[in-house]
Each structure stands twice: as C-alpha cells, then as structure tokens.
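Reader: I would like a close look at one part of this protein. Please keep it brisk.

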Amino acid sequence: MSLIGEAAAGPSPDVIKEGSDASFVADVIEASRVQPVIVDFWATWCGPCRQLTPALEKAVKAAGGAVKLVKIDVDKNPAFAGQLRVQSIPTVYAFEDGKPVDGFTGALPESQVKAFVDKLVRAPPVSEIDELVAMGRESLALGDTGAAAQSFAEALSIAPDNLDAIGGLARCYLAGGDRERAAEVAAMAPADAKNADLASVRATLALAQGAPSDTAAAERRLAADPNDHAARAELAAALAAKGELEAAADQLLDIIARDRDWNEGAARAQLLKVFEAAGQASEITRQGRRRLSSILFS
C-alpha cells in the first residue's frame, strides 16, 4: 500500500523494484508463482524506455499490489535478457507460475500499457465458505430448501460463526415451517449481529409470536365491522406468521389509512417489523414504504 508522500521517494519496493541477474530467480521466477510479475528490460541510453517505464509503473501502482514490476538494466545484467532472446529494448515480459506468458517490444501508448497490466490482474479468489453460501442462496431462491440447508450447514462446519451461513440456515428452517429450529439456529449468532438474513428471520419469528394460527375469526369480525382495527391487526399477525408478508402489510396500511395513530402507533410498529422480515430491499418493503409515505403526507 502506498502512503502519502512516498511518490517523492520512489515507488514502493514491494510492488516495483530494480532487479538483477543475481536476484532474477527470486524476484521473477519464484515471485510469479504467487502473483504476476512484469519484467521491463531497459537501458539508460534508451529513449523509448524513458517513455515506457513511467507508464508501466503507473499501471502497476494502479493495480493495487495485484501485480509486480521488476526493472532490469540489460547493460548491467545481460544473462537473462540473453536467455529470453531480448533483441531490442524496451522489451517487456509478463511471468506467471514461473514462466513467461505474454510480452511486447517497444514503447506502447499508455492506454495499451494499462490494458496489458489489467489483463494480468487476477480476481481475488473466492473462498470455499463464500462458494457454499452462494450455492445455498441460489438453492433457496429456487425453492430447494434441502440443498440450501446442506450448503449452509457445510459452510458452518468450516466456520461456525459465519453470519451469512447462520442466517441462511435459519431461513431454510423458517421456509420449512420449523420456527423452533430456525430460532435455535438464529441464536447461534450474537444478538447484535448485523446480517440481513438474520434480521429477516428474527423479525419473522417476532411477528409469529402470539399470532393466531387461523384467520377465520378475525375475518368474521372485520366483515361485521371494517373499522375493527384490533381484528385487522390480528389478521395481519396471522398472515405474517404464515409468511404472507405482502397481505399482512396491506392490512396494516389499511389500519394506518383509517387511523394513523391507532393504539399509539401499533400498526406502524408492526408494519416496520413486516418490512424487516421481508428485507429492506424487497419489493414488498419498497412498495409498502411508498404507500406509507403517501398515507402520512397526503
């Protein structure tokens, strides 16, 4: 990482360095087994080298440490330049896994130099845990809770405190109707853990607490009196407990539209919990918030 003020002292030795025949194996061959290494063969008398080298240094610095640059003065270090059949300078080689994989001769425009360096930059490796979590989420989105649970459980066997895996597995149990097991899994994470899946599971479990299992009684009361807000709130709780969050939000928005301050704002508090259960980026939440704003500010 570069620090402010380093430019005046020259590029970071960790990313850009002067090489030699003596250090070539360590600086280039071995180092390229870890990350790409660019070798710039140059000489002090070479005019095009003075144009190319700054462009190479700039592009390598911009890569943020993903690639290294080793500069070799061919007049002082002719051995490896000869082995690589460097016939004119500047000549540039890119090494990966101990061998040259790309290169060019002559000074190139800065845009082409940048493209050459960018092509070598590897994307950061995806960890096994990240892959398992991604597989779990994909399976869950497809409705295959069994496969999703297996992926999340495998991730937890590697990293028992991984919040994404805990939240994902809890969602699997919730989707399967096993609230008790979902609560047990969610409890594996700290109470103040910041994770969208965990927040959704915990909000859904909170909504389900004390909610009636049947909506018939509340529906009969509402048929008799549409302004029975307690019955409507009861219906919303029952719907939310069954996972019908959009329908639950509709009922709560109806209460707020009729009496925004009913029961000291209980409907709004319950609606926010529904949004949390649905997920802040979900369409249910986005549409619900727009409707709520329309009601409150109309």
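Which residue forms a salt bridge with aspartate 250, and how far apart are the closest N and O atoms?

Author: This is a predicted model. In it, aspartate 250 forms a salt bridge with arginine 291. Their closest N and O atoms are 2.6 Å apart. The two residues sit in distant parts of the chain, 41 residues apart. Aspartate 250 belongs to helix α12, and arginine 291 to helix α14, which spans residues 283-296.

Aspartate 254 forms a salt bridge with arginine 232, with the closest N and O atoms 3.7 Å apart. Arginine 232 lies in helix α11 (residues 229-241) and aspartate 254 in helix α12 (residues 245-258), so this pair ties together parts that are 22 residues apart in sequence. Arginine 232 is buried, at 7% relative accessible area. Aspartate 254 is partly exposed, at 25%.

Now some context from elsewhere in the chain. The count comes to 20 salt bridges. One of them joins glutamate 110 to lysine 58, with the closest N and O atoms 2.8 Å apart. Glutamate 110 is in helix α4 and lysine 58 in helix α2, so the pair ties together parts 52 residues apart in sequence. Glutamate 110 is partly exposed, at 45% relative accessible area. Lysine 58 is exposed, at 52%. Salt bridges can also share partners: Arg137, Asp164, Arg171 and Asp197 are joined this way into one network.

Note on methods: Residues are numbered from 1 along each chain as its sequence is written. This is a predicted model: local features need pLDDT of at least 70, side-chain atom pairs count only at pLDDT 80 or more; totals for chains, interfaces and linings use all residues. Side-chain values use heavy atoms; hydrogens and water are left out. A salt bridge is a side-chain nitrogen of Lys or Arg within 4 Å of a carboxyl oxygen of Asp or Glu. Helices (H or I, at least four residues) and strands (E, at least two) are DSSP runs, numbered from the N terminus. Buried means under 20% relative accessible area, exposed over 50%, partly exposed in between (1.4 Å probe, protein chains only).
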